[in-house]
Amino acid sequence: GQCVRACPCGALDYVRERGDVFTAINDPDTVVVGFVAPAVRTVIAAEYGVPAVEASAFVAGMMKRVGFDKVFDVAFAADLTVIEETTEFLGRVRGGGVLPQLTSCCPGWVAWVERRWPDLIPHLSSCRSPQQMMGATVRNHVARHDGLEGRRVFVVSVMPCMAKKAEAARPEFAPDGVRDVDAVLTTTELLEMVQMLRLEPEDLVPAEFDAPYARTTGAGMLFGASGGVAEAALRMALEELTGERPESVDLHEVRGLEGFKEATVTAGGTTVRVAVVSGLRNVEDLAQRITAGEDVGYDLIEVMACPGGCINGAGQPVPRQVGQVAARQQVLLDIDEASVCRTSPGNTDLLRLYDDLYGTPNSETAHRLLHTTYAPVRR
Ligand code: SF4
């Protein structure tokens with residue numbers, strides 16, 4: 001009704017996809033592949049009282065118990081996004097391209113640009129979101145190997161987000177009429193499925209994410225909170241600009257739940273000025289000034305539609321206590337801190353994927369499968 005018409009990204013047209021997922025799980029001829037975003041585990045850790053460093057294995061085990069045949073971590077695709085997006089960014093910096101570059105991993109923000117600020121489209125990174133990068137990678141890599149050739153593969157993403165439902169349904173992400181991501185479940189929907197199956201906490205046993213994308217980094221994990229994309233991209237940019245892995249990889253200035261943050265980093269003779277915005281109302285002033293042709297003093301701007309980022313997404317249970325969103329952010333920071341590898345180019349499974357399929361960052365194949373284009377939407 002009114003909600004569907006009022007929703008700026010159209011996500012409410014795709015509210016319930018649980019039934020399709022159960023149907024696929026119950027079909028013995030279908031292989032069901034699921035992948036889960038970083039922010040989802042922050043809620044599940046709190047619901048089940050699981051320490052941050054055990055949250056990833058716990059959610060992988062939960063998804064396997066629900067019936068997914070293969071389970072991957074979207075933090076892996078976040079590393080892929082970091083490599084593609086930072087390569088694009090440094091290309092713009094070195095080659096005089098359109099700056100500031102605006103991040104494109106939040107489909108709520110992308111839909112807002114297409115509707116309200118179409119003149120900003122040349123500033124948007126051409127990178128697809130981690131969800132769509134993961135979907136295209138599963139369809140074009142794992143589904144064609146690993147004994148899955150010729151099988152029906154149903155691809156499900158578990159997200160903290162409603163806008164991801166509309167994003168997965170965009171026609172450009174359904175080459176030859178087959179969607180890269182068949183269904184998107186929210187965190188709440190996954191938890192409902194656990195309840196519908198009457199799974200008790202003792203039924204849920206931690207498990208590993210599956211090969212060939214089992215490895216993740218702390219950088220990819222940060223995507224779930226505001227500032228995380230910028231911090232992960234800056235970690236890689238520092239490495240690229242200096243030719244060395246940075247000694248300290250913490251960028252405290254861009255962390256936290258404020259609607260606007262900024263940081264300046266100088267490395268290898270290049271200065272990168274970053275702004276981080278969360279909550280769409282906080283981007284209005286910047287968007288207006290960039291549209292007017294003003295130099296706003298930033299090279300890279302991260303925008304997340306939800307205040308605080310995906311940890312506070314519309315697919316997560318509504319926070320009921322003060323400090324709950326901050327606690328969700330802390331889960332991601334703790335996982336990052338405890339990670340063996342904290343920069344995306346250090347992800348060895350990802351390097352193997354480049355060898356197997358994508359070649360080099362921003363290659364022709366990468367552009368075909370991991371990047372996209374945008375168009376103004378006239379209302
Ligand atoms: Fe979705 Fe909100 Fe995250 Fe954007 S910030 S991707 S709308 S949950």
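This is a predicted model: local features need pLDDT of at least 70, side-chain atom pairs count only at pLDDT 80 or more; totals for chains, interfaces and linings use all residues.
**Entry 1: overall build**
I began with the secondary structure and found 15 helices and 8 strands in the chain. I then looked up the radius of gyration, which is 19 Å. The globule rule gives 21 Å for 379 residues, and the value for this chain is close to that, so the chain is as compact as a globular protein of that length. Along the principal axes, the C-alpha atoms fill a box of roughly 55 × 50 × 45 Å.

**Entry 2: around the ligand**
Which residues come nearest to the ligand? I noted Cys106, Gly108, Cys161, Cys306 and Gly313, out of 13 residues around the ligand. Helix H6 (107-116) and helix H8 (163-168) are the elements that give two or more residues to this shell. I also sorted the shell by class and got 9 nonpolar residues, 3 polar and 1 charged.

**Entry 3: H3 against H13**
Next I took helix H3 (residues 38-48) and helix H13 (residues 324-338). Their axes come within 9 Å and cross at roughly 115°. Angles of 65 to 115 degrees count as roughly perpendicular, and therefore I wrote H3 and H13 down as roughly perpendicular to each other. The crossing of H3 past H13 is right-handed.

Which residues make the contact? From H3 I listed Pro38, Arg41, Thr42, Val43, Ala45 and Ala46. From H13 I listed Ala327, Arg328, Val331 and Leu332. By class, the contact of H3 with H13 holds 7 nonpolar residues, 1 polar and 2 charged.

Terms used:
Residues are numbered from 1 along each chain as its sequence is written. A residue is near a molecule or strand if its C-beta atom, placed from the backbone, lies within 6 Å of it. Helices (H or I, at least four residues) and strands (E, at least two) are DSSP runs, numbered from the N terminus. Ala, Val, Leu, Ile, Met, Phe, Trp, Tyr, Cys and Pro count as nonpolar, Asp, Glu, Lys and Arg as charged, and the others, Gly among them, as polar. Axes are lines fitted to C-alpha atoms, for helices over the stretch in contact, and angles run from 0 to 180 degrees between N-to-C directions. Angles under 35 degrees count as roughly parallel, over 145 as roughly antiparallel, 65 to 115 as roughly perpendicular and the rest as oblique. A crossing is left-handed if the near helix is turned anticlockwise from the far one by less than a right angle, and right-handed if clockwise. Two residues are in contact if their C-beta atoms, placed from the backbone, lie within 7 Å. The radius of gyration is taken over C-alpha atoms; the globule rule is 2.2 Å times the number of residues to the power 0.38.
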